[in-house]
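Open the model in your viewer and keep the selection panel at hand. The tour goes from stop to stop.

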Amino acid sequence: MPTPSLAALPIRRLTPRDLTACADLSEDRGWPREEHKWGFLLTAGKGYGIDDPDGGLVSACVVTEYGPQERPGLGAIGMVLVAERHARRGIGRRLMRHIVDSMGTTPLTLHATPYGRPLYEELGFKVTGRAEMLRGHFRPDASPPSVVTRAAAAEDLSAMVRLDEEVFGADRTHIITRLPAFADQLRVAEENGRIIGYAGAWPNMDTQVVGPLIARDTETAKALIASLAAHTDRSLRTDIDVRHEELLDWAKEHGLTSVAFNSVMSYGISELPGDWTRRFAPLTVAAG
């Protein structure tokens, strides 16, 4: 029987059972397999994909929604991939149009590489910011940070959720409550018994990704990063909003180096909700 045209192949919802196929697709495009991250995103978000009649996936991506389930306040698009053998044939554009249409009036955001940015601009996304990816082995200071940090406990989750919604600008309860199982480390910064910031570090291949990173100020963000680094032998990786120049300079002085810049783009809103001055790094660029 003739192979159906790519335009005729249906777009379907992905499930955690598609984890291996998604990881295979990442590997096909030269990305790390990132099975741990794929598993989290397929559980916490909505995956979309196109099956290849010859096996595997032609294309895939994930949308993570925030806010009320019946009326999300924001949707983050990530992990947009097309198999190398089907690249440059309009598949990514078709999948993205499907997502934009299916999300209706929900505002959207994504982190775009320089390669992907033209497609997103064609679809109506606008650049609203930039993030700088850093990676390296952290070199600690001789003196301890001035801000107190400790490992997060189960009883901290409710306070973390409240702080996160205030800073992020939308309810992320379904993300925050999954962090204890997803992250290798989850730490909080505290002042007079009140949580003023929190950060996670989760495994991604040979690194620990620092994120999310929510903090009252730059000194609190520094203390959280330093505390995470002190509890791992792995190199760190994180994506920091370029407006946080002081934190970026400090991180580079302590051993992290710049790897890449991504454009933060949005659709349906002129800027992201929440308080960017306290939002230093995302959980992952794939989830906003």
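Helix axes here are lines fitted to C-alpha atoms over the stretch in contact, and angles run from 0 to 180 degrees between N-to-C directions. One caution before selecting anything: this is a predicted model.

**Stop 1: α8 and α9**

Select residues 218-229, helix α8, and residues 245-253, helix α9. Their axes lie 10 Å apart, at an angle of about 30°. Angles under 35 degrees count as roughly parallel, and α8 and α9 are therefore roughly parallel to each other. The crossing of this pair is right-handed.

Now show side chains. On α8, pick Thr218, Glu219, Ala221, Lys222, Ile225 and Ala226. On α9, pick Glu246, Leu247 and Trp250. These residues make the contact. Sorted by class, the α8 contact with α9 has five nonpolar, one polar and three charged residues.

**Stop 2: α1 and α2**

Move to α1 (19-28) and α2 (35-44). How close do the axes of α1 and α2 come, and at what angle do they cross? They come within 9 Å and cross at roughly 130°. That angle makes α1 oblique to α2. Here, too, a handedness can be given: α1 passes α2 in a right-handed crossing.

For the contact, select Leu19, Cys22, Ala23 and Ser26 of α1. By class, the contact of α1 with α2 has five nonpolar, two polar and one charged residues.

Stay here for the loop between α1 and α2, and select Glu34, which is found in it. Check the backbone torsion. Most residues other than glycine have a negative phi. Glu34 is not a glycine, yet its phi is positive, about 50°.

**Stop 3: the strands around β12**

Select strand β12, residues 257-267. Which strands pair with β12? Strand β5 (residues 108-112) runs antiparallel to β12 and is joined to it by five bridges. Center on Leu110: Met265 in β12 stands opposite.

Strand β6 (residues 126-136) also pairs with β12 in the antiparallel sense, over nine bridges. Lys126 has Ser266 of β12 as its bridge partner. Gly129 stands opposite Val264 in β12.

Select Glu132 and its bridge partner in β11, Ile240.

**Stop 4: a cis peptide bond**

Select Gly211 and Pro212. Is the peptide bond between them cis or trans? The bond from Gly211 to Pro212 is cis, with omega near -5°. Pro212 is found in strand β10, residues 207-215. For context, most peptide bonds are trans.

**Stop 5: the whole chain**

Zoom out and color by secondary structure. The chain comes to nine helices and 13 strands. Its radius of gyration is 19 Å, close to the 19 Å that the globule rule gives for 288 residues, so the chain is as compact as a globular protein of that length. Along the principal axes, the C-alpha atoms fill a box of roughly 70 × 35 × 35 Å.

Note on methods. Residues are numbered from 1 along each chain as its sequence is written. This is a predicted model: local features need pLDDT of at least 70, side-chain atom pairs count only at pLDDT 80 or more; totals for chains, interfaces and linings use all residues. Side-chain values use heavy atoms; hydrogens and water are left out. Helices (H or I, at least four residues) and strands (E, at least two) are DSSP runs, numbered from the N terminus. Angles under 35 degrees count as roughly parallel, over 145 as roughly antiparallel, 65 to 115 as roughly perpendicular and the rest as oblique. A crossing is left-handed if the near helix is turned anticlockwise from the far one by less than a right angle, and right-handed if clockwise. Contact means heavy atoms within 4.5 Å. Ala, Val, Leu, Ile, Met, Phe, Trp, Tyr, Cys and Pro count as nonpolar, Asp, Glu, Lys and Arg as charged, and the others, Gly among them, as polar. Two strands pair if DSSP finds at least two bridges between them. The radius of gyration is taken over C-alpha atoms; the globule rule is 2.2 Å times the number of residues to the power 0.38.
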